[in-house]
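Keep the viewer open as you read.

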Amino acid sequence: MVGVDISGRHEEDGEYLMVAAAVHARVDSTRIRSVEGMGFAAAREGPTLDATLELVATAVGDLPTPPDGPIVAERGEFYEEPAERVGLSFRPEFKYVESVGERETVQAAHHAAYAARDLLL
């Protein structure tokens, strides 16, 4: 599965710098077993749904190997849009967090996106 997160969806000094991280991990229901790779993408446009979808798709595309499981995010990442709507932008599938292991992977992506954004500022 791939956990995704975006850092920087707020304006600072009249500009945006959004950074998405995708963490490809093997998980069980309660924890991360291994991290298979990470992908990143950055954009300076405002945080619209389309911009967010494109940014995350680019980060997932930056992974060393294509994911074989779902792409997972917190509901707020895509403005509470239904998973079916968001899923049109991703393959193999998209869903919102359901298990502790998925939540841990999204949390790892959160830390990676935040750290990468700090490096770019």
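Phe-94 touches Ile-71, Val-72, Ala-73, Phe-78, Ala-83, Val-86 and Gly-87, leaving aside residues up to four places away in sequence; contact here means heavy atoms within 4.5 Å. Keep in mind that this is a predicted model, where local features need pLDDT of at least 70, side-chain atom pairs count only at pLDDT 80 or more, and totals for chains, interfaces and linings use all residues. Residues are numbered from 1 along each chain as its sequence is written, and side-chain values use heavy atoms, without hydrogens and water.

Now zoom out to the largest nonpolar core, which has 24 residues; Val-4, Val-56, Val-60, Phe-78, Phe-90 and Phe-94 touch the most other members. (A nonpolar core is a set of buried Ala, Val, Leu, Ile, Met, Phe, Trp, Tyr and Cys residues joined through side-chain atoms within 4.5 Å; buried is under 20% relative accessible area, exposed is over 50%, and partly exposed is in between, with a 1.4 Å probe and protein chains only.) Helix 1 (49-61) gives this core its largest share, seven residues. Helices (H or I, at least four residues) and strands (E, at least two) are DSSP runs numbered from the N terminus.

Out in the loops, the backbone gets interesting. The Arg-91 to Pro-92 peptide bond is cis, with omega near 15 degrees, and Pro-92 sits in the loop between helix 2 and strand 5. Asp-13, not a glycine, has a positive phi near 55 degrees, and is exposed at 83% relative accessibility. Glu-80 isn't a glycine either, yet its phi is positive at about 65 degrees; you'll find Glu-80 in the loop between strand 4 and helix 2.
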